[in-house]
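Q: Please take a close look at a single residue of this protein and describe its surroundings. A short account of the whole chain may come before it.

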Amino acid sequence: MLQTRLTREYGLEVPFISAGMAFVGMPALVAAVSNAGGMGTLGAALVPPDGLRGLIRMIRSMTTRPFAISFITQFTEAAHIDVCLEEQVPVVSFFWNNPPEAFISRLRAAGVKVWMQVSSLKEAREAVRCGVDAVIVQGKEAGGHNRSTGTTLTLVPAVVDAIAPVPVIAAGGIADGRGVVAALSLGAEAVWVGTRLVASQEAYAHDEYKQSIVAATASDTVNTTIFGPEWPHQPMRVIRNRVVNVWSKRESDVVYTPEADESIGQTYLGGQPVALPKFSAILPTPDTTGDFEEMCLPAGEGAGLVK
Ligand SMILES: Cc1cc2nc3c(=O)[nH]c(=O)nc-3n(C[C@H](O)[C@H](O)[C@H](O)COP(=O)(O)O)c2cc1C
């Protein structure tokens, strides 16, 4: 088995962690990765605290191995942290902005490990100052929300050097064993893999979305700010479908109009039907119907390696 400092510390058999992915990184994927000897991560970004508790219990019914909960900081409330503490989750990770100090100190005091995904050397240093246990470094190649300042190949070793001995986890463009070896050789202690796992059976993604990742080449993704009445104009790496081809070169013309006649489809969130407005950043799951050429399909350049 391939061991690193991180696998030993967290009791993993392989230095492989599934990326936190809202909507698609649900209990089946989390448990599959953890049961395979890595660490699965629940994409909890938009899940309310009560829903989170149910998902954590579902994970626990499928695996006894360690797993992580991933939050987008600006959508995280103290009640989410309460649930993580009450349910004694092993790892909590944050993305985008630094979490309030109280979140980190409460989690760490209870023995929960805290990770932060970062996009630059500066953010990595800030995360370490906040007291996190490990830093996930996201390169520009990565799928999903992405404001990275460098590629995985350049940013990971720069952060490794800057924050040693704090462990670094590499994210972005890692889609097969060669990528894992490359990341470890850059000094990472593990990999954090998203795109490759969207196209897995256990991911809660619509088949059309999975197929579009399988069909894509490395140049079929682009970073754009067109998506997101739900979280406006944040940069995301996505597959170039019709809506991206039409709008990504004129991002400043994008106006979010929630009117029903602009709806691109429908999905279910928390069991309730929800109409998807044009430019919606809600990802297509098996519950989604509508025009997939108009939907947000996050994927990184590693899509070109997914068969
Ligand atoms: C479908 C999808 C959804 C994502 N959702 C989130 C999220 O909710 N929270 C988060 O921290 N990162 C999210 N990300 C980014 C990942 O954490 C990670 O940086 C990225 O997947 C790694 O690069 P890769 O896609 O090339 O493997 C998402 C990525 C994808 C592909």
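A: The protein has 307 residues, and because a compact globule of that length would have a radius of gyration near 19 Å, its value of 18 Å agrees with such a globule. The radius is taken over C-alpha atoms, and the globule rule is 2.2 Å times the number of residues to the power 0.38. This is a predicted model, in which local features need pLDDT of at least 70 and side-chain atom pairs count only at pLDDT 80 or more, while totals for chains, interfaces and linings use all residues. Residues are numbered from 1 along each chain as its sequence is written, and side-chain values use heavy atoms, with hydrogens and water left out.

Along its principal axes, the C-alpha trace spans about 50 × 40 × 35 Å. Contact means heavy atoms within 4.5 Å. Among contacts between residues at least 6 apart in sequence, 56% join residues at least 24 apart.

Thr267 is buried, because its relative accessible area is 1%. The side chain of Thr267 forms a polar contact of 2.8 Å with the side chain of Thr288. A polar contact is a pair of N or O atoms within 3.5 Å; within protein, one must be able to donate a hydrogen and the other to accept it, and residues adjacent in sequence count only if both atoms are side-chain atoms. When neighbours within four places in sequence are left aside, Thr267 touches Gln272, Pro273, Val274, Leu276, Ile282, Thr285, Asp287 and Thr288.

Two further residues may be set beside this one. Leu52, in helix H3 (residues 49–62), is buried with a relative accessible area of 0%. Beyond four places in sequence, its contacts include Leu42, Ile69, Phe71 and His80. Thr4, in the segment before helix H1 (5–10), is also buried, with a relative accessible area of 9%. With neighbours within four places in sequence left aside, Thr4 is in contact with Pro15, Leu184 and Glu189.

Definitions and conventions. Buried means under 20% relative accessible area, exposed over 50%, partly exposed in between (1.4 Å probe, protein chains only). Helices (H or I, at least four residues) and strands (E, at least two) are DSSP runs, numbered from the N terminus.
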